[in-house]
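Subject: Structure for you to look at

Hello,

Here is the structure I said I would pass on. Please open it beside this email and check my notes against it.

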Amino acid sequence: ICLMAVGIGKSEFQGNATVIFALPFLLFAAPAGWCSDKFSKRSVVVWAKGLEIIAMALGAYGIIYESWFCIFAMLFVMATQSTLVSPALNGAIPELYPKSYVTKANSIVKLVSTSAILIGIAFAGPMIERRSSMEIEPVFFTESSISEPIVFIESLKIKNDEVSKLILAK
């Protein structure tokens, strides 16, 4: 979100995004721990994953229709989801594995989740740059709005039909 904001000249949104992202961790950390103790950890994780689907739908809508309200709502919901799922996931590991393996299991979970975060961060900038350097019609955050799905789909096509050339070359 911060990279998208800077990319379109709205760098003042970076501070807003930071506050919106941090707020759920401050507000919901204690209730999230209570939920993972009170309810089945599996149920908490499943419900949190449902919340993630809602967040991604909000984000997709926000990006497609240039709604910063929806983009920031997605950020808040995703941070809330992370706050809810973390104690349940971390609390489930000692319940699932023998005591001698808990440290290793925790290490593996942290390694995988931290690696995924870092890989996402590492690829975000280059993907935004690559998208802007490709010869595609601009779709998101342009002055023109998307009025019909067909126009939207047509605008995603790469000029000179490069995808077909790549597929046929193999």
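Below are my notes on the nonpolar core, one threonine and the salt bridges.

Please keep in mind throughout that this is a predicted model.

Nonpolar core

The largest nonpolar core has seven residues: Ala 5, Phe 13, Ala 17, Trp 68, Ile 71, Phe 72 and Leu 75. Two helices, H2 (13-38) and H4 (68-96), each contribute at least two residues to this core. H4 has the largest share, with four residues. If you want a place to start, centre the view on Phe 13. Beyond its neighbours within four places in sequence, Phe 13 is in contact with Ala 5, Trp 68 and Phe 72.

Thr 83

Helix H4 also contains Thr 83. Is Thr 83 buried or exposed? Its relative accessible area is 5%, and the cut-off for buried is under 20%, so Thr 83 is buried. The side chain of Thr 83 reaches the backbone oxygen of Ala 79 at 2.7 Å. Once neighbours within four places in sequence are set aside, the contacts of Thr 83 are Pro 24, Phe 25, Phe 28, Ala 29 and Ala 32.

Salt bridges

How many salt bridges does the structure hold? There are two. As background, side chains of opposite charge can pair when their charged atoms come close.

One of the two joins Lys 41 and Glu 95, with 3.1 Å between the closest N and O atoms. Lys 41 belongs to helix H3 (residues 41-64) and Glu 95 to helix H4, so this pair ties together parts that are 54 residues apart in sequence. As for accessibility, Lys 41 is buried, at a relative accessible area of 14%, whereas Glu 95 is exposed, at 57%.

In the salt bridge between Glu 52 and Lys 49, the closest N and O atoms are 2.8 Å apart. Glu 52 and Lys 49 are three residues apart in helix H3, so about one helical turn separates them. Glu 52 is partly exposed, with 22% relative accessibility, and Lys 49 is partly exposed as well, with a relative accessible area of 41%.

Regards

Definitions and conventions
Residues are numbered from 1 along each chain as its sequence is written. This is a predicted model: local features need pLDDT of at least 70, side-chain atom pairs count only at pLDDT 80 or more; totals for chains, interfaces and linings use all residues. Side-chain values use heavy atoms; hydrogens and water are left out. A nonpolar core is a set of buried Ala, Val, Leu, Ile, Met, Phe, Trp, Tyr and Cys residues joined through side-chain atoms within 4.5 Å. Buried means under 20% relative accessible area, exposed over 50%, partly exposed in between (1.4 Å probe, protein chains only). Contact means heavy atoms within 4.5 Å. A polar contact is a pair of N or O atoms within 3.5 Å; within protein, one must be able to donate a hydrogen and the other to accept it, and residues adjacent in sequence count only if both atoms are side-chain atoms. A salt bridge is a side-chain nitrogen of Lys or Arg within 4 Å of a carboxyl oxygen of Asp or Glu.
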